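Please open the structure in your viewer and follow the stops below in order. Each stop names a selection and then says what is found there.

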Amino acid sequence: MGPGMTMIPKPPAPGALEQEQFLKILSREEALARFEAALFPRVLRGELRKLAAALGAALAEDITAPIDVPPFDRSNVDGFAVRSADLATAGEGAPVRLALNGETIHCGTAPTLQVVAGTATPIATGGPLPRGADAVVMVEHTQPAGLDAIDVRRAVSPGQFVSYAGSDIARGEALLRAGTIMGSREIGMLAACGIAEVSVARRPRVAVISTGDELVQPGRPLGSAEIYDTNGAIVAAAVDENGGEAIFLGAIPDDEAELESAMRRALADSDMLVLSGGTSKGAGDLSHRIIGRLGQPGIIAHGVALKPGKPLCLAVCDGKPVVILPGFPTSAMFTFHDMIVPVLRRMAGLPPRSDAKVDATVPVRIASELGRTEFVMVSLVEGRDGLIAYPSGKGSGAITSFAQADGFLRIDALADQMSAGTEAEVTLFTPHVRVPDLVIVGSHCTGLDLVTAQLAHAGLTVRSIAVGSLGGLAAAKRGECDLAPIHLFDDKSETYNTPYLVEGLELVPGWRRMQGIVFRRGDKRFEGLNAKDAVAAALADSTCIMVNRNQGAGTRILIDRLLGGVRPEGYWNQPRSHNAVAAAVAQHRADWGMTIAPVAHAVGLGFIPLAEEHYDFALVTARKDRPGVQAFLDALGSDAAREALERAGFRPA
Ligand code: AMP
Ligand code: MG
């Protein structure tokens, strides 16, 4: 075994004994090195493109100037073409009189008369210098002397206000080198030389295939147990962003024959094939088996010590890269950007991407798996002294953890955590840090979006990071956010939120959310009852299944009070959001649970009100004067926001 390789034994799954029992995991660096070694060097193929269509492409060959620019000696100002020797004695007190020749040289007119000693010819900016003249005097430095003469009160040096032929670009000069990315400036340079077409590196054609029986294309209705194909859209866009031409071929079911024929067809008319899903060697995972039959040398790496992205599969089939990205969208995106983009850009003749980096402090401990290089998406906010990098709390299945992050940080394969307070290097997804105008960290509520919409429409950027009430309160105490939305009930005082505030924080009243029991409309066990009786009815029926909430949630406290210590079927099903409770009941996984009214109504569930919860904001007093905070307070108090909140089922405080 080479350096950087570890053997991780995988226990045989029942019924899958014929499957490979060992996954050979390569380090990220080793996998990339082997992949590149199998693909490069290779000939960069060029194609002729019109200048306008060459924007963003890489030049396939050096370009030398076919002509001089300017093509002739040219005047830089409006004035008179003169012989400098005639004006050697000219000065304020000693004007020199020159007779005007009988023509005016405009742009695009070729001169016909020679400028002989003692004469001058009127010339416009851009006009070609006539024979005999060696300088131009500006019209501002002359005075008319009758209709056909001028007085000049300054001496001129030879060549004054003249651009000589080839002074900008000389015929035969190397203009642009192969590999240069064509921007507007490069295009302008070529246009000035009269070049209408250039040979640029041909964009590699990249076939994109999603795999999985569960996938549905966006725009179509979702059946039960189905999900939308996210990777297809992500990968196709990322291919185009990095110099390739994506050919999206849709989602193919997990059927070996169908998948193999799709892969063969795709590979036949493309330069590269990118699949996603089906790499974790489960029952439906076929693509990697098919690759073995597609060409030599086949699989280069299957399993990379990378998180997210361990099941990545890299192959080369008869010179063409074939890649299987992990199925989870965030893993797919990440591995594509980290491992495939370098190869794609090289095939497209583009330079490596230069990612901007910044240092930021990590406010909380981040656990990490030993033995895998881990990449953690972060959102950046401005703290008291410098940038703070908040890890995205969602797992590798979460698309928003990538799309809403500002960048990512890296935890070494040999580390099992990054401790709170660590100064880490963050690789940005954008060229510059985007510091938001308003930072909200805490419990998320759909009502919040109704208020911040006003700020967004006014051009302010709002970053809202969902970490729960207690997490938000901690961030507010550390001064890492402007506002922390909280809904914390204090048992002792039987009040919400205020008892949790400390010095430096003040309460901004938000709105009330009605909590209650949800059930499917028409369920006779619950229809028409109050909350207490509904729970009693549920407990009396042994076939009735509940859905609970996670420990620490305000809703959980209410549920536990109602249950009075009983733990019915479903008690251990403890999702972390109001929406998950509603989905479980709507989809018959459970018969009842507790959520807030707007969420219950959005899904069309029956709702029995129980108690109002206070959703308020802990405002960091020191940040109160920031324009973003003021805009938020204005929006919160506005009629528009109150109406929107009421329409959505909330009760503004
Ligand atoms: P797999 O590698 O096929 O076992 O997929 C792992 C996970 O990613 C499963 O939850 C799949 O449903 C999900 N997944 C696979 N392909 C896609 C896709 N194109 N879009 C969204 N999710 C996907
Ligand atoms: Mg699959």
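A pocket here is an open set of grid points with protein on both sides within 12 Å along at least five of seven lines, and its lining residues have an atom within 4 Å of a point. The model is a predicted one.

**Stop 1: the domains**

Start by colouring the chain by domain. The assignment gives domain 1 (3-43 + 203-347), domain 2 (46-69 + 168-201), domain 3 (74-163), domain 4 (357-428) and domain 5 (438-463 + 480-653). Then pick out domain 3 and domain 4: their centres, taken over C-alpha atoms, are 68 Å apart.

**Stop 2: the largest pocket**

Select Gly442, His444, Ala466, Val467 and Gly468, which of the 47 lining residues lie nearest the centre of the largest pocket. The volume of this pocket is about 1500 Å³.

Next, show the elements around the largest pocket. At least two lining residues each come from strand S26 (373-383), strand S27 (386-391), helix H7 (400-403), helix H8 (446-457), strand S32 (462-466), helix H9 (468-477), helix H11 (554-563) and helix H12 (578-586). Colour the lining by class and it divides into 24 polar, 17 nonpolar and 6 charged residues.

**Stop 3**

To find it, select His337, Arg353, Asp355, Phe408 and Thr427, the closest to its centre among the 30 residues that line it. Two or more lining residues are given by each of helix H1 (28-39), helix H6 (329-347), H7, strand S28 (407-411) and strand S30 (423-428). H6 gives the largest share of this lining, with 6 residues.

The classes in the lining of the second largest pocket are 15 nonpolar, 10 charged and 5 polar residues. Domain 1 (3-43 + 203-347) and domain 4 (357-428) both contribute to that lining, so the second largest pocket lies between them.

**Stop 3: ligand 1**

Now centre the view on ligand 1 and show the residues around it. There are 17 of them, and Glu214, Asp229, Thr230, Gly278 and Gly327 come nearest.

- Glu214: a polar side-chain atom is 2.5 Å from an oxygen atom of ligand 1.
- Gly278: a polar backbone atom lies 2.6 Å from an oxygen atom of ligand 1.
- Gly327: a polar backbone atom lies 3.2 Å from a nitrogen atom of ligand 1.

On its own, ligand 1 has 480 Å² of accessible area, and the protein covers 79% of that. Strand S15 (205-211) and strand S17 (227-228) each give at least two residues to the shell around ligand 1. By class, this shell has 10 polar, 5 nonpolar and 2 charged residues.

**Stop 4: backbone details**

Phe40 and Pro41 are joined by a cis peptide bond, with omega about -5 degrees.

Move on to the loop between strand S4 (63-64) and strand S5 (74-75), and select Pro70 there. What is the form of the peptide bond from Val69 to Pro70? The bond is cis, and its omega is near -5 degrees.

Finish at Phe161, in the loop between strand S11 (149-152) and strand S12 (162-163). Phe161 has phi near 60 degrees, which is a positive value in a residue other than glycine.

Definitions and conventions: Residues are numbered from 1 along each chain as its sequence is written. Chains are lettered from A and ligands numbered from 1 in the order in which they are written. This is a predicted model: local features need pLDDT of at least 70, side-chain atom pairs count only at pLDDT 80 or more; totals for chains, interfaces and linings use all residues. Side-chain values use heavy atoms; hydrogens and water are left out. On a 1 Å grid over the protein atoms alone, a cavity is a set of points where a 1.4 Å probe fits but cannot get out, and a pocket is an open set with protein on both sides within 12 Å along at least five of seven lines; lining residues have an atom within 4 Å of a point. Grid points are joined across faces, edges and corners, and a volume is the space filled by probe spheres set on the points. Helices (H or I, at least four residues) and strands (E, at least two) are DSSP runs, numbered from the N terminus. Ala, Val, Leu, Ile, Met, Phe, Trp, Tyr, Cys and Pro count as nonpolar, Asp, Glu, Lys and Arg as charged, and the others, Gly among them, as polar. Domain bounds come from an automatic or database domain assignment. A residue is near a molecule or strand if one of its heavy atoms lies within 4 Å of it. A polar contact is a pair of N or O atoms within 3.5 Å; within protein, one must be able to donate a hydrogen and the other to accept it, and residues adjacent in sequence count only if both atoms are side-chain atoms. Accessible areas come from the Shrake-Rupley method with a 1.4 Å probe; for residues, only the protein chains shown count as cover.
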